[in-house]
Amino acid sequence: MIKDLIQSAIDEESKPYWDGLKEGKLFIQYCGGCHQSIFYPRSICPHCFSEEISWQESSGTGKIYSFTIVHQAFGPFKGDTPFVIGIIELDEGVRMMTRIIGDKEEIAIDKRVSVVFSMVESDLVLPYFEVV
Amino acid sequence: MKSDKIAAIVGVAESDIGKTPGKNVLQLQAQAAKLALEDAGLTKNDIDAVFTAGNWAWAPNLMLAEYLGIQPKYTDSTNIGGSSFEAHVGHAAAGIEAGLFEVALITYGSTNRTNPSNSIFKSPLTAQYEIPYGLPTPVGAYALAAMRHMHQYGTTSEQLAEIAVATRKWAVLNEKAYMKEEICIEDVLNSRKIAEPLHLLDCCLVSDGGGAVIIASKNVANRLNKKPVWIIGHGESHSHNTITNMPDLTITSAKESGKRALEMAGISHEEIDVAEIYDSFTITVLLTLESLGFCKPGEGGAFVSGGRTAPGGDFPMNTNGGGLSYCHPGMYGIFLLIEAARQLRGECSSRQVENAKIALVHGTGGVLSSTSTVILGGD
């Protein structure tokens, strides 16, 4: 199970993010000190060290910064190959790792993408992206 | 060269490498440490500082020093991945300069091939935002960087393959190398895809093996039989932990660590006779050469083309056959130091770079995360 790989890390700091996904919301954070977005969730702003941090719902849109088509995978992902992993730059300015789904021929760096909430297990929703 | 001769590499050795069934990581390190001491003409009792890095114990220095019967007065377990050992060299030189100790032992050991250890960490912490997607690490992270570099600069798979082909040519000349059959560019391109754009032959080996390096003060170094290999420059840095958080997938912190090391040594790029550059993947080398300033961003592909880094080329690099063809037990950095020291001592027989006086050694750790650069000068 994929959830088992990360369960021990889900704590007060990250739980709102994981819970949001189950409701179809992609939460990132916003720093009131320097007015920049933050991802992944933290207790302190990595730009200015302010603790004035709030949750912000992302537009869920952005572009592909890079991607790779994976042909050899491990553990619960072994049977998924070939699949596409991307790093997305959200319009709020933060980057996140994701799976890019849909026609592989359409996938290219700088292409616009939007989030697709994918229930990969009964208790785990992941923000995948597809080319728009 | 502006640096004073303060500390030197005085002994180097590998343990058994390749496949070492039945051996554990402590045996490999003990074997390498003993051989390195013999190489230096020193004994265990001369060691007063211990450096190691590994994830085989919660406090590797404690376990290793107890096993070897050493009670050090200085200890450093800096672990920044494969570049840890270049960092250890810098730290050892600084410690010697500060008068804290005279002789340091740096070791590494791994049974990554016959007995790979899984993570000892209970919680993935910030890796929780990457793990659920199934990126195979580290190769997938390096693939993301390669794809971005190709997009930005038009770098090709053929150019990356040049690095694997040239490195293999060096391995053919090294009896200790694991892979000694010549390959051509087509062989790399036709090897199976692991994570596009990287193929199997763009990736390093998975080996067992250990190594040891002895660092000594000038006073000690000058009374030993072999010529000291002076540590004349050092720099280190790290820019991220998870690949998603690498500020620019095409620029590593070699830009910082390399600059500082070269400045400390008072050396220009043209003065470097031999380069030992961490080659976990072909793209690692290409990005490193650019970030170190041997060529401009985007010119790495052209720089390595035409067998330039192969034996007989004008930029001798990874002269032991590298992590790609000689040995790569997970954290490869110590082997770069061993080879550079041997080159500067003129001990490399058929693969000897003629008249090698200055070597650049560059480690890369994690997922292009950490870098540490050492400049070494022959006596």
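Tutor: Let us start with helix H5 of chain B, where the buried residues are B:Gln159, B:Leu160, B:Ala161, B:Glu162, B:Ile163, B:Ala164, B:Val165, B:Ala166, B:Thr167, B:Arg168, B:Trp170 and B:Ala171. Here a residue is buried if 20 or more other C-beta atoms lie within 10 Å of its own, exposed if 12 or fewer, and partly exposed in between, with C-beta atoms placed from the backbone. Helices (H or I, at least four residues) and strands (E, at least two) are DSSP runs, numbered from the N terminus. This is a predicted model, in which local features need pLDDT of at least 70 and side-chain atom pairs count only at pLDDT 80 or more, while totals for chains, interfaces and linings use all residues. Residues are numbered from 1 along each chain as its sequence is written, and chains are lettered from A and ligands numbered from 1 in the order in which they are written.

H5(B) covers residues 157-172, and twelve of its 16 residues are buried, so the helix is mostly covered. The expected span of a helix is 1.5 Å times one less than its number of residues. For H5(B) that should be 22 Å, which agrees with the 23 Å between its end C-alpha atoms.

What covers it? The cover over the buried residues of H5(B) includes H4, helix H6 (185-190), H9, helix H10 (300-304) and helix H11 (322-326) of chain B.

Two of these neighbours, H4(B) and H9(B), also pack on each other, at an angle of about 55° and with their axes 9 Å apart. Axes are lines fitted to C-alpha atoms, for helices over the stretch in contact, and angles run from 0 to 180 degrees between N-to-C directions. H4(B) and H9(B) are therefore oblique to each other; angles under 35 degrees count as roughly parallel, over 145 as roughly antiparallel, 65 to 115 as roughly perpendicular and the rest as oblique. H4(B) passes H9(B) in a left-handed crossing, meaning that the near helix is turned anticlockwise from the far one by less than a right angle, with clockwise for right-handed. On the H4(B) side, B:Tyr142, B:Ala145, B:Ala146 and B:His149 make the contact, and on the H9(B) side B:Ile283, B:Thr284 and B:Leu287. Two residues are in contact if their C-beta atoms lie within 7 Å. This contact of H4(B) with H9(B) holds five nonpolar, two polar and no charged residues. Ala, Val, Leu, Ile, Met, Phe, Trp, Tyr, Cys and Pro count as nonpolar, Asp, Glu, Lys and Arg as charged, and the others, Gly among them, as polar.

H9(B) itself runs over residues 282-292, and eleven of its eleven residues are buried. Among them are B:Thr282, B:Glu290 and B:Leu292. Just after H9(B), B:Gly293 has a positive phi of about 95°.

H4(B) leads us on to the other chain. In total, 26 residues of chain B are in contact with 30 residues of chain A. Helix H4 (139-153) and strand E5 (193-195) of chain B each supply at least two residues of the side that touches chain A. H4(B) gives the largest share of that side, six residues. By class, the side of chain B that touches chain A has 14 nonpolar, seven polar and five charged residues.
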